[in-house]
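Here is a short note for a colleague who is new to this entry. Please read the points with the model open.

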Amino acid sequence: MSQVTARLPDVVLESLDAAAAKLKRSRAEIIRQAIERYLDDFDDLSVALERLHDPNDPVLEWDEVKRELFDPD
């Protein structure tokens, strides 16, 4: 495992320490988990944006989707 050094504003470090104490976890564990979640969200957003900008992906009209979902046939 590699080590990374980062500079944080004092107020962020205070919040991090408070969270670590409350959760009974180390600073490193909280930072690692936060980065992992951020990167997961980033990946999801990247895929969504790719699909949004894909000219081959059809655009669905909301009224049509509602009709198909909620109109009993």
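How many helices and strands are there in the chain?

1. Fold. The chain has three helices and zero strands. From the N terminus the order is α-α-α. Helices (H or I, at least four residues) and strands (E, at least two) are DSSP runs, numbered from the N terminus.

2. Basis. This is a predicted model; local features need pLDDT of at least 70, side-chain atom pairs need 80 or more, and totals for chains, interfaces and linings use all residues. Residues are numbered from 1 along each chain as its sequence is written, and side-chain values use heavy atoms, without hydrogens and water.

3. Extent. The C-alpha trace spans about 55 × 30 × 25 Å along its principal axes.

4. Burial. Of the 73 residues, 4% count as buried. Buried means under 20% relative accessible area, exposed over 50%, and partly exposed in between (1.4 Å probe, protein chains only).

5. Nonpolar patch. Leu8, Val11, Val12, Ile31, Ile35, Tyr38, Leu39 and Phe42 form a nonpolar patch on the surface. Two elements give two or more residues to it: α1 (10–23) and α2 (27–52). The most come from α2, with five residues. Like charges are joined within 9 Å, nonpolar side chains (Val, Leu, Ile, Met, Phe, Trp, Tyr) within 5 Å.

6. Leu8. This residue lies in the segment before α1. Why does Leu8 count as partly exposed? Because its relative accessibility is 39%.

Conventions. Patch = residues over 30% accessible without salt bridge, like charges linked within 9 Å, V, L, I, M, F, W, Y side chains within 5 Å. Areas by Shrake-Rupley, 256 points an atom, 1.4 Å probe, with all protein chains shown as cover. Salt bridge = Lys/Arg side-chain N within 4 Å of Asp/Glu carboxyl O.
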